[in-house]
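The sequence and structure come first.

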Amino acid sequence: MKKIIISIALLFIMNITGFSQHNKFSIIPKEEITVNTNTDIFITGETLYYKLNCFNKKTNTLSNISKIAYVFLINDAKEIVFEHKLKLDSGTSNGDYYISTNQNTGNYKLVAYTRWMNNNKKNPFFSKDIYIINPFTKNINEKSKFIKKENSCNIVLKDKIDSILEYKTYKTRSKVSLNFKDLLKGNYSVSVRKVEEIHLIHEDTLKELDINTNNTFYLPEIRGEIISGTVTSKKDNTPIINKTVSLSILGNKTVLKNIKTNSLGKFYFNLNENYKTGELLIQLIDKNNEDYKITLDDFSFNYFNQLHFSNLILNPNIKKWLIQKNTNTQIENSYFNIKKDSIINKKTPKIFYNKSSFEYVLDEYKRFSTVKETFVEVIEGALIKKQKGIRKVVLLSANSKLDKIFTNLELLILIDGIPIQKHETLIDYDPYKIEKMNFIKEPYFYGSNVYNGIINVTTIKGDFSPSTQSHYLKKNIINPVNQKKYYNPDYSNNSVKLARIPDNRTQLLWNPNFNTSENVTFFTSDLKGMYEIVVEGYTNEDNLIKVKKYILVE
């Protein structure tokens, strides 16, 4: 019942005549995010792993409201180091980021939120301190925030789970099995990482925020990422209603969306398909499109002034540790191609019309120097003729009655998935750049639009981009983070193959989503010392669980 209510609320939101009465949306609960990482102290060359949990504040359970979350790493100059977009699955997701040597030593902020959270007056985003050390830094001073830790291998921590480990001491390249049978069912991550010989002394920079939000109202992204904006008149800036706006992505032939502007000239797209990072292309489909302008809503992170960074200075007494740590990291990175993570396969979306009536692969025919000649000599049931002095492509269906009924409808022409409004763009296109043409020679219903057929042109390089025109709006867009299966060597089955490859891993395991009913296994590396096992997450009753165990590798 909750999902039905939320869906109805979203439809209501998208068709209201104003956004000022925010109390109308109190039916949708607030959200809150927590993020745990494999550590908060990194040197360049290492990878930051993180797990994100999004909660419904009303029920105190994992949220099914937002389907998209945003994660940033921000440096002390308040510049964005990375920006990740995550698809949420029942309120959870995870990602990672390789920390390059371009990053300076200092205090960073890991920030996460959903757009729906941005409406919260208190804590509209999550923030966590991250500390990065660049071994090549010259920032060394006796007044240190990092000091060497003494007797780090004598740490003993009691917890509620006694059966998680079979042994306490292991040899190098040995198999370790973690048994979670005593752990309550829930959603957890597990990290196994070498205990570092340093300790961080830092000021607490995390405070509860009490922010007076501006007039921007953020819709909950219930069905996917929302791309929204307004169409207005160039003449007097009045909103233009009931006009078709089209969304596509350059280089992606599978994403095409059409929607009408509402009574405020607003449009809203829900983008939930898989796509690659590229350029978003939005255009107004109208014969008078040159008279209008499109403005996209800006949902950029705008709370930089609320982030407070502490100074980070290195002490000379960590020099020996830092040199050894950097050496191990560089050795590991030199074998990157052998120790790659694998992407969890996702279904590739199909073109929206599923199957065409006819397909012409031009290399199977004699090539002609113009598209017009190609239509005359190769394409059956299609021709180019002048209508009121303008060249047009015309498709003839097998049903003459349908031709008469739908003769006034527009033909949908796509080049690499991009809608083309001026037929001359196709007619004047270089046919030697075209791989194939697909045709639907019957009326086609798509959303609120009806077309008198479809021509879909695929170029050889797949790189078609329309010339800059005022009715086009381009914007860079990043794809959601791919979920991964992280590298985990198996010395029991590949001992001969891996025998000559050094293993200097300090991060032995990162598993952001494990099944408590099954054992989690990993292998120790060539590095001896104390390793910390951290299990963190929430039970099905939303109780926070954080367990630490230690093993000694000798």
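## Five-stranded sheet

An open sheet of five strands runs in the order E11-E36-E35-E13-E33, and its pairing is mixed. Its edge strands are E11 (169-170) and E33 (507-511), each pairing on one side only. Strands here are DSSP runs of E with at least two residues, helices are runs of H or I with at least four, and both are numbered from the N terminus. Two strands pair if DSSP finds at least two bridges between them.

This is a predicted model: local features need pLDDT of at least 70, side-chain atom pairs count only at pLDDT 80 or more, and totals for chains, interfaces and linings use all residues. Residues are numbered from 1 along each chain as its sequence is written, and side-chain values use heavy atoms, with hydrogens and water left out.

Strand E13 (residues 186-194) and E33 run antiparallel and are joined by four bridges. Valine 190 has asparagine 511 in E33 as its bridge partner.

## Four-stranded sheet

A second open sheet has four strands in the order E17-E16-E19-E31, with antiparallel pairing. E17 and E31 (472-477) are the edge strands, each pairing on one side only. Neighbouring strands are turned by 20 degrees against each other on average, direction ignored. The axes behind such angles are lines fitted to C-alpha atoms, for helices over the stretch in contact, and angles run from 0 to 180 degrees between N-to-C directions.

E16 (residues 244-249) and E19 (residues 278-285) pair over six bridges in the antiparallel sense. Leucine 247 stands opposite isoleucine 282 in E19.

## Cavity and pocket

Which residues line the largest cavity? They are Leu362, Tyr365, Lys366, Arg367, Phe368, Thr374 and Val378. By class, this lining has four nonpolar, one polar and two charged residues. The space inside is about 40 Å³. The search of the whole structure finds one cavity of 30 Å³ or more.

The largest pocket holds about 1,300 Å³ of space. Its lining has 38 residues, and the closest to the centre are Lys392, Asn408, Leu409, Glu410 and Leu411. Elements that give two or more residues include strand E17 (252-260), strand E24 (390-395) and helix H5 (423-427). E24 gives the largest share, six residues. The lining divides into 14 nonpolar, twelve polar and twelve charged residues.

Both searches use a 1 Å grid over the protein atoms alone: in a cavity a 1.4 Å probe fits but cannot get out, a pocket is an open set with protein on both sides within 12 Å along at least five of seven lines, and lining residues have an atom within 4 Å of a point. Grid points are joined across faces, edges and corners, and a volume is the space filled by probe spheres set on the points. Ala, Val, Leu, Ile, Met, Phe, Trp, Tyr, Cys and Pro count as nonpolar, Asp, Glu, Lys and Arg as charged, and the others, Gly among them, as polar.

## Salt bridges

The count comes to 20 salt bridges, each a side-chain nitrogen of Lys or Arg within 4 Å of a carboxyl oxygen of Asp or Glu. Aspartate 96 pairs with lysine 484, the closest N and O atoms being 3.2 Å apart. Aspartate 96 lies in strand E7 and lysine 484 in strand E32, so the pair ties together parts that are 388 residues apart in sequence. Aspartate 96 is buried at 14% relative accessible area, while lysine 484 is partly exposed at 24%. Buried means under 20%, exposed over 50%, partly exposed in between (1.4 Å probe, protein chains only).

Arginine 173 and aspartate 526 meet at 2.7 Å, N to O. These two residues are 353 residues apart. Glu46, Arg193, Glu196 and Lys325 are linked in a network of salt bridges.
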